Amino acid sequence: MEPALKKLFEIMPFLFGIGFIAPLIAQIMAAAQVAAPFGLDRTVFGLAIGGAWGLIANIRGRWL
Amino acid sequence: MAVSETDLQVLAPAADTGDRSAFALGPDGLDRYTRRDLRKEEIAIAREFHGGRTWVYAVAAIVCFAVWVSFFPLAIMGVLNLPLAFVLSCVFATGGYVTSHEAMHSNIAQPGEKLRWLNELTGQISTIPIVFPFSMARMMHLEHHYHCNDPEKDPDYTDEAPNWWMAWYKTWYNRQPRVNGSIHAYKRILAEMGTPAAKKALKETLLLQLFFMATLFAMAWSGYAIEAALLWWLPRHIGLSYIRFYLSWAPHHPREGRQGRYENSYIFKSRLGHVLSMGMETHLVHHLYPGIPNHRTRAAYFALKPILKARGVDVSKL
């Protein structure tokens, strides 16, 4: 079980990007009544930003 | 026989006054008999400050943890003042390390004592807000005490930074996914230790991190991402940075070459005062006597001050 967990943690930044950052972006935009660009749904926009950011963090090893 | 420069420095205090000691002097300018007498006096004074009302830490830990857990259903029900709960969550996340720290040193109850379970419970629940299992926190903290300021063996050495603003930056930098600092360094050290206790601590760390992530993801995709961020995600980051700065960097900087009993921590004056720096101004007393609870280290310091001064500690700041 532990090796599987370790594998999971290796991709955690990406998972965090789509699992938490994405809905957080969408919900902050909704609370601020800001529409997503290009007519996108806020969740789709959040997934694009969160997923890309998480993927970059996963590759670079840094969030910023 | 040639006299080295070090020898001259050792002899200097006595030579300056013309009062040369009949006994060999150490690097602190004291002979072994003076050191022994000072140590006896130091132990006698320190003994007066051990113990006390340490159950208060347990009560604080239990109450704060219960209040913090209650925030989650209350937030989902929409009956929580989120800004206030966010501030309180930051306080609980940060202060939780203090209560856990007493448990790490068994200051609430020693092994075999009737209230030992309370000591362990306090430790277990206190650091959940910062996603730091007690088993790992205790092992790493005791390693820090055993090898304080050793660049290879002190797990907290990665907090070292040249100045205060770099130290704040490093508290964040060390938490980045592939930086060997903070909890990543702890996990590496535990894996290297390889003992059953280390393996258990490592497993508990992975499980608690997984639980943290699962909670954040579940809340976020159920429409409570902002609540999850304000009650756990952000307070954890703020708490960890505050803890790393005040409990690790501030009392030990600079660390390099300072591994001796009276030099591995400093007496300093915090801009935020005694309480907000979580009693760290007199952290040296904690390293000398970990059995003195946090709330008594300041009084213990003032009682020990003449002895510490005689031992060469810079006591000018406080």
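**Exercise 1: The architecture of chain B**

Along its sequence, chain B of this predicted model shows the pattern α-α-α-α-α-α-α-α-α-α-α-α.

Task. Determine how many helices and strands chain B contains, and state what box its C-alpha atoms fill.

Solution. Step one is to count the elements: chain B has 12 helices and 0 strands. Step two concerns extent: along the principal axes, the C-alpha atoms of chain B fill a box of roughly 80 × 40 × 40 Å. Step three turns to the interior: 40% of the 318 residues of chain B count as buried. Finally, of the contacts in chain B with a separation of 6 or more, 61% are between residues 24 or more positions apart.

**Exercise 2: One helix of chain B**

Task. Identify which residues of helix 5 of chain B are buried, and which helices they pack against.

Solution. Helix 5 of chain B covers residues 116–126. A residue counts as buried if 20 or more other C-beta atoms lie within 10 Å of its own. In helix 5 of chain B, the buried residues are L118(B), N119(B), T122(B), G123(B), I125(B) and S126(B). The partners of these buried residues are helix 3 (55–77), helix 4 (82–104) and helix 6 (134–146) of chain B.

**Exercise 3: The spread of chain A**

Task. Explain why chain A is described as more spread out than a compact globule.

Solution. Begin with the elements: chain A contains 3 helices and 0 strands, in the order α-α-α from the N terminus. The globule rule gives 11 Å for 64 residues, whereas the radius of gyration of chain A is 14 Å, well over that value, so chain A is more spread out than a compact globule. The C-alpha atoms of chain A fill a box of roughly 45 × 25 × 15 Å along the principal axes. Of the 64 residues in chain A, 30% are buried.

**Exercise 4: Where the chains meet**

Task. Describe the side of chain A that touches chain B: which helix gives the most to it?

Solution. First, the contact itself joins 16 residues of chain A with 16 residues of chain B. On the chain A side, helix 1 (2–10) and helix 2 (12–31) each supply at least two residues. Helix 2 of chain A gives the most, with 10 residues.

A last step considers confidence. Chain A has a mean pLDDT of 94. Within chain A, confidence is highest in helix 2, at a mean of 98, and lowest in helix 1, at 84.

Definitions and conventions. Residues numbered from 1 in each chain as written. Chains lettered and ligands numbered in written order. Predicted model: local features only at pLDDT ≥ 70, side-chain atom pairs only at ≥ 80, totals over all residues. Contact = placed C-beta atoms within 7 Å. Helix = DSSP H or I, 4+ residues; strand = E, 2+ residues; numbered from the N terminus. pLDDT = per-residue confidence, 0-100. Buried ≥ 20, exposed ≤ 12 C-beta atoms within 10 Å, placed from the backbone. Rg over C-alpha atoms; globule rule 2.2 N^0.38 Å.
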